[in-house]
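Subject: Structure handover

Hello,

Here is the structure I said I would pass on. My notes follow below it.

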Amino acid sequence: MASENPLTIVTCTAPVNIAVIKYWGKRDEELVLPLNSSLSVTLHQDQAKTTTTAAISKDFKEDRIWLNGTEVDVGQPRLHSCLGEIRRLARKHRSTDDGDTPPLSLSYKVHIASENNFPTAAGLASSAAGYACLAYTLARVYGVEGELSEVARRGSGSACRSLYGGFVEWHMGERADGKDSIAQQVAPESHWPELRILILVVSTEKKLTGSTAGMQTSVETSALLQFRATSVVPARMAEMIQCIRERDFPGFGQLTMKDSNQFHATCLDTFPPISYLNDTSRHIMDLVHRFNAHHGQTKVAYTFDAGPNAVVFTLDDTVAEFVAAVSHCFPPESNGDKFLKGLPVRPVPLSDELKTTLALDPTPGGVRYIIATKAGPGPQILDDPHLHLLGSHGLPK
């Protein structure tokens with residue numbers, strides 16, 4: 001028999017973000033408070049996003065969650081923490097609004113389904129997009145207004161940066177309760193329309209050292225990490241914000257590469273050392289520096305998160321030549337037609353001079369494919385019911 005009380009159902013999307021000033025290390029594990037502030041660029045959702053549907057109903061017997069079609073344990077500490085925080089905020093919001101008892105819907109169980117439109121293990125921050133989307137969608141379904149940094153952060157630190165589009169700063173904050181450790185937009189995605197982003201997927205294997213465990217060991221053993229957090233990052237944050245505001249690509253690019261290199265240096269300074277880069281990662285770094293040397297200026301810049309895949313920033317007038325250089329140094333094996341995904345890039349020939357400067361032995365198949373994208377907006381609500389991931393019974397379609 002059909003239920004008298006239909007589902008309350010909401011579907012939202014949220015983007016991936018890529019840090020150009022890195023977050024590594026927490027000063028509070030439970031509240032997920034970082035050792036230093038960080039800054040990221042939000043990627044366009046056409047190429048990289050998480051979609052999440054949340055439904056509540058009095059008929060649901062328990063909270064349930066499906067990720068990419070597979071049901072997972074809703075009792076996982078981080079999921080549990082996000083859900084608990086949203087319900088706490090909803091109760092607080094309702095009880096202060098009208099002084100009445102909170103509505104019954106706050107006691108309803110929730111069903112959640114979440115999917116990524118990019119390979120989960122592609123070294124893209126899937127957890128950032130996932131938890132930002134979860135926080136944003138749950139807030140809509142439970143009627144929570146206001147700042148969601150804290151909810152998203154509980155799931156994955158960098159998720160708070162995925163709550164905004166464009167260029168985003170995560171303030172480390174000073175307070176012990178973390179109330180001032182929030183994300184803020186520095187500039188919208190429309191601010192720098194020429195900026196392009198290439199994700200060079202080197203490996204889709206699961207990494208040997210997860211980020212959470214890696215950070216903990218670095219905090220305990222790396223003197224360089226402590227020095228970085230207190231003496232290097234504050235000035236870099238100010239400099240990076242200025243480069244973005246002035247659309248100064250050479251400044252932005254050099255600082256992005258230096259900060260990526262220093263983050264990986266702190267991983268090597270961790271004991272035992274952590275190495276997220278592989279030979280192909282280092283070849284890509286070489287390629288970028290040789291490409292820039294050939295042009296006599298910084299035209300492309302790499303950054304690497306806790307994995308071997310490169311994210312390369314450049315401007316629209318340089319994309320085609322750099323993609324040609326990558327194809328030259330890392331010839332596609334069999335998937336030539338699928339080597340480039342995302343935004344279209346017209347094929348151009350490489351000059352003999354540039355080939356001579358690159359002088360790298362080709363590594364066939366070293367780069368599996370490239371995703372071409374640009375800066376994009378923050379989370380979106382999808383109004384079309386056909387886009388819900390859960391059907392009318394609250395189960396995955």
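In which loop does A359 lie? A359 is in the loop between helix 9 (352–358) and strand 16 (369–373). Its backbone deserves a line in these notes: A359 is not a glycine, yet its phi is positive, at about 40 degrees. A359 counts as exposed because its relative accessibility is 52%, and the cut-off for exposed is over 50%.

Please keep in mind that this is a predicted model.

Overall picture

The protein has nine helices and 17 strands. Along the principal axes, the C-alpha atoms fill a box of roughly 75 × 45 × 40 Å.

Of the 397 residues, 53% are buried. If we take contacts between residues at least 6 apart in sequence, 78% of them join residues at least 24 apart. As for charge, there are 38 positive and 44 negative charges, and their mean positions lie 2 Å apart.

Strand 5

Strand 5 covers residues 38–42, and five of its five residues are buried. In a regular strand the side chains alternate between the two faces of the sheet. In strand 5, S38, S40 and T42 are on one side and L39 and V41 on the other, and both faces are covered.

Which strands are joined to strand 5 by bridges? One is strand 2 (residues 17–21), which runs antiparallel to strand 5 and is joined to it by four bridges. Within that pairing, N17 has T42 as its bridge partner. Another is strand 10 (residues 167–170), also joined to strand 5 by four bridges and running antiparallel to it. Here the bridge partner of S38 is W170.

Loops

A second residue with a positive phi is N68, which is not a glycine either; the angle is about 45 degrees. N68 sits in the loop between strand 7 (64–67) and strand 8 (70–72).

D63 is found in the loop between strand 6 (49–57) and strand 7. D63 has a relative accessible area of 17%, and buried means under 20%, so D63 counts as buried. What is D63 in contact with, leaving aside its neighbours within four places in sequence? The residues are V74, L83, R87, K109 and V110. The C-alpha atom of D63 is also separated by 8.8 Å from that of Y108, a residue 45 places away along the chain.

The last item is a cis peptide bond, which joins F271 and P272 and has an omega of about -5 degrees. P272 belongs to the loop between helix 6 (249–269) and helix 7 (279–295).

Regards

Terms used:
Residues are numbered from 1 along each chain as its sequence is written. This is a predicted model: local features need pLDDT of at least 70, side-chain atom pairs count only at pLDDT 80 or more; totals for chains, interfaces and linings use all residues. Side-chain values use heavy atoms; hydrogens and water are left out. Helices (H or I, at least four residues) and strands (E, at least two) are DSSP runs, numbered from the N terminus. Buried means under 20% relative accessible area, exposed over 50%, partly exposed in between (1.4 Å probe, protein chains only). Contact means heavy atoms within 4.5 Å. Lys and Arg count as positive and Asp and Glu as negative; His and the chain ends are not counted. The place of a charge is taken as NZ of Lys, CZ of Arg, CG of Asp or CD of Glu. Two strands pair if DSSP finds at least two bridges between them.
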